[in-house]
Amino acid sequence: MAERRVVITGLGVVSPAGVGAEALWQALMAGRSCTRTISLFDAGKFPCRVGGQLEEGFSARKYVPRDYRKAVKVMARDIEIAVAAADLAVRDAGLVTAGTGDGEPTVPPGRLGCNIGAGLICSDLDELGSAVNSAVTDGHFDIHKWGSSGMNNLTPLWLLKYLPNMLACHVTIIHQAKGPSNTITCGDASGHLTVGEAARLIARGDADVVIAGGAESKLNPMGLLRQSLLKRLCTSRNDSPARACRPFDSSADGTVIGEGAGLLILEALEHARARGAKIYADIAGFGAACNPAGIDVLAPNNGGLDLAVSKALADAGISAKDVGAIITHGTAVPGEDRCEAAAWQTVLGDAAAKAPAAAITGAIGSLFAAAGGVELAVAAMALHTAALPPTVNFQEPADGCDLNLSAQARPVRARYVVSGAFGTGGQSAACVLKRNEP
Amino acid sequence: MTNRRVVITGMGTVNPLGHDVESTWSALLAGRSGLSRTELFDASTFPSTFSAQVKGFDLAKWLPRADRHRCAGRQCRFALAAAVQAWREAHLAGFADLDPARLGIYLGSGEGSLDFENFTSLLVDAWRGGKLDTTVWAELAFKRMDLYREVEQESNMVVAHLAAEFGVRGPAFNVLTACAASTQAIGEAAMQVRRGDVDVVLSGGAHSMIHPYGVTGFNRLTALSTRNDEIPTASRPFDMTRDGFVLGEGASILILEDYELARRRGADILAEIVGYGASADAFRITDQDPDGAGAAGAMRAALADADMKPSEIDYISAHGTATKQNDQVETRAVKSVFGERAYKVPVSSVKSMIGHLIAAAGATELITCVLAIRDQVLPPTMNLRVPDGDCDLDYVPNAARKATVDACMSNSFGFGGQNNTLIIRRYR
């Protein structure tokens, strides 16, 4: 049985550059950094006070059908971001769903799938703290009081705000997606893994259209604490936040936490053609790998990215010389950038230093489970517009980072763009996108 | 491209009834209860004071040199022990031709346990004027919180530990689709073997939510049984008096393998995975679709994938949580898929004995299906005394039963409307 071809027909991005893929693309092409001093909470006593924070006042309300707005109050920030991005993606693809309204659904509900990468969602500390502080005796938490009365100060649906599959669940409910629904929780590799798996789902015929990618916000005290303990954050540029995250740059000293979502509409090629959809790119190849050394979370490693990329190239049936551009993961943690560059060099050889490459983290920070979806959206736009954005804050290559990065936007006439990601814990994944040729 | 056959060649489990496959299986066939008063923390004033805990577990029994796992959290330690058992049964340790790049991991493991004491005391100590003062919090948190306790909460860390232990370099996934996670993981892992992306996968799940906020979350949802006076018999799937599920914990790992490879290396084939189906209810985050359409959709998709008719299924391992809603909806869904045959195919829920292992539930239940085929016996649904008119199938009540079992269906449904079904068959 021949596998079906899969294409990208819609992009939904929420990022520190604003709402929409276009807002991100414009910021990237203009070389504008969107990282700034964190204002979601007082981060004054944290060693890193810079974040890729969404614009003030972001809420999912506008992206949720009127009769479902009540549900927004049981959505953690990660969920709100995902719900907004899904709405944008579905509309960008020109799909009619129960969520967009306006007629019969384009895709039968059972043929519409969903696969959204998610992270560990932090509970709202003010909400939980308020309940916890109702169960205190002599200045200490009193578990007897908690069990008998304190816990009742939490809303009955409290747990459901924080289950990682709730990103996909709200999206499936809003858009009436009744096909397979999955939630991949593999750190930074999640976005590429979801897109790869969603493409397989369509290829084997289990769905015609899938909403795929990831969403996450670690911009809360727990997220900031954990990344600080991992020593991954930039602590030297709190006074110049726009310049803090410097992928592959010789003066890089850590990443900054960003938040957002990147959701793609993946669709069977014949389905997209039959409805005359705009096609951004083909999903030509996918590969995944891991590195057993990932267990040592303080030692930088690339999660076996070289193997993931080489599998993705083989899956696409291309070789290193066919790679027209690279969207890197570029966390701006110096050891990680070196490991990443080494992976591209291992698998692409000389082509690694030749193919134009870009990292988007300088502009928006590290988006964790959301990173891959956003990176792939950027890869799709690069193919679609034949242009590659500059790498914000990249001035001089760090030792061992011999990639063709640029501080300027460049035209690229690429047929294939490769994008890969890896994260804490040692998992990696890569996708090859191909220019759609009628 | 032809689809490859996918077989199971190893299994391991750590759960409230046993720390290996055989002791678990004898306990299940004897109808024993793994439920007891919660000892992992003081739950004496909680609405539910009991749970299904793993007791007396020691990782060193399986991994004498577990230095690199010293920071592993509770669910991760269960998963390591289960994986070692499965790896040994599959005789992969001595198999030199296994390409690490074609060895994968696909788990449905949960979030790791919170550092409850420090996390909670910080909420108290940094509380100022009715809200959290994040500057005070930060100063205290950097003194008290431990890197590894924090990192181990990320649900991909079980994958990281397994990769380290078994030298895995191939695709590594973790999915967390609530109570359906490990069934989904095994289904998707089987698809990868079938397609040829990997030759061998460590697949299954791990979870422990028996901590104060886990129990709080489920108690607030009123999803847990509160039968504090009748603990051993509190989990009552399909019984009229059922009042919720009992929170359990544990891990189960299976080795999925390309059939040709398994045959070539002379591995014992325990069963074949022939069907996988997934669907979403897209109904409500709190409730299942009352028609059971989503659940039925997953079962139908699995049957279609296996190219089997309902009449070929000999046993259904139910999701059977013992919540009012699940058991009714699942019964309805089975009827809609199986028609008249629904009354003839035995359906049972081992959650009556081991409780609900959440993300690890599906993998554990799939192991019982493999054993049912091996031993031609069905595990019972215990504590089923009072019939419920809405639950009128053959649930194998209160005693294990000899039966002819060639093909089994295993169902898992998760909060938010996640539905996943697997079908396995005797290897022939």
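Domain bounds here come from an automatic or database domain assignment. On that basis chain B is divided into domain 1, covering 7-114 + 153-425, and domain 2, covering 116-149. Taken over C-alpha atoms, the centres of these two domains of chain B are 36 Å apart.

Some housekeeping. This is a predicted model, in which local features need pLDDT of at least 70 and side-chain atom pairs count only at pLDDT 80 or more, while totals for chains, interfaces and linings use all residues. Residues are numbered from 1 along each chain as its sequence is written, and chains are lettered from A and ligands numbered from 1 in the order in which they are written.

Now chain A. It has 13 helices and 17 strands; these are DSSP runs, helices being H or I with at least four residues and strands E with at least two, numbered from the N terminus. The C-alpha trace of chain A spans about 70 × 55 × 40 Å along its principal axes. Of its 438 residues, 67% are buried, meaning that 20 or more other C-beta atoms, placed from the backbone, lie within 10 Å of the residue's own.

Next, the contact between the chains. Two residues are in contact if their C-beta atoms, placed from the backbone, lie within 7 Å. Chain A gives 73 residues and chain B gives 73 residues. Elements of chain A with two or more residues on that side include helix 3, helix 6, helix 7 and strand 11 (281-290). The chain A side divides into 41 nonpolar, 25 polar and seven charged residues. Ala, Val, Leu, Ile, Met, Phe, Trp, Tyr, Cys and Pro count as nonpolar, Asp, Glu, Lys and Arg as charged, and the others, Gly among them, as polar.

Take helix 7 of chain A, residues 221-229. Nine of its nine residues are buried, so the helix is largely enclosed by the rest of the structure. Among them are A:M222, A:R226 and A:L229. The buried residues of helix 7 pack against helix 3 (125-132) and strand 10 (257-268) of chain A, and also against helix 4 (134-144) and helix 5 (147-151) of chain B. After helix 7 comes A:K231, with a positive phi near 55 degrees.

Last, a helix pair. The axes of helix 6 and helix 13 (residues 371-385) of chain A come within 5 Å and cross at roughly 65 degrees; axes are lines fitted to C-alpha atoms over the stretch in contact, with angles from 0 to 180 degrees between N-to-C directions. Helix 6 of chain A is therefore roughly perpendicular to helix 13 of chain A, a class that runs from 65 to 115 degrees. Residues making this contact include A:H192 and A:V195 of helix 6 and A:E375 and A:L376 of helix 13.

Note on methods
A residue is buried if 20 or more other C-beta atoms lie within 10 Å of its own, exposed if 12 or fewer, and partly exposed in between; C-beta atoms are placed from the backbone. Angles under 35 degrees count as roughly parallel, over 145 as roughly antiparallel, 65 to 115 as roughly perpendicular and the rest as oblique.
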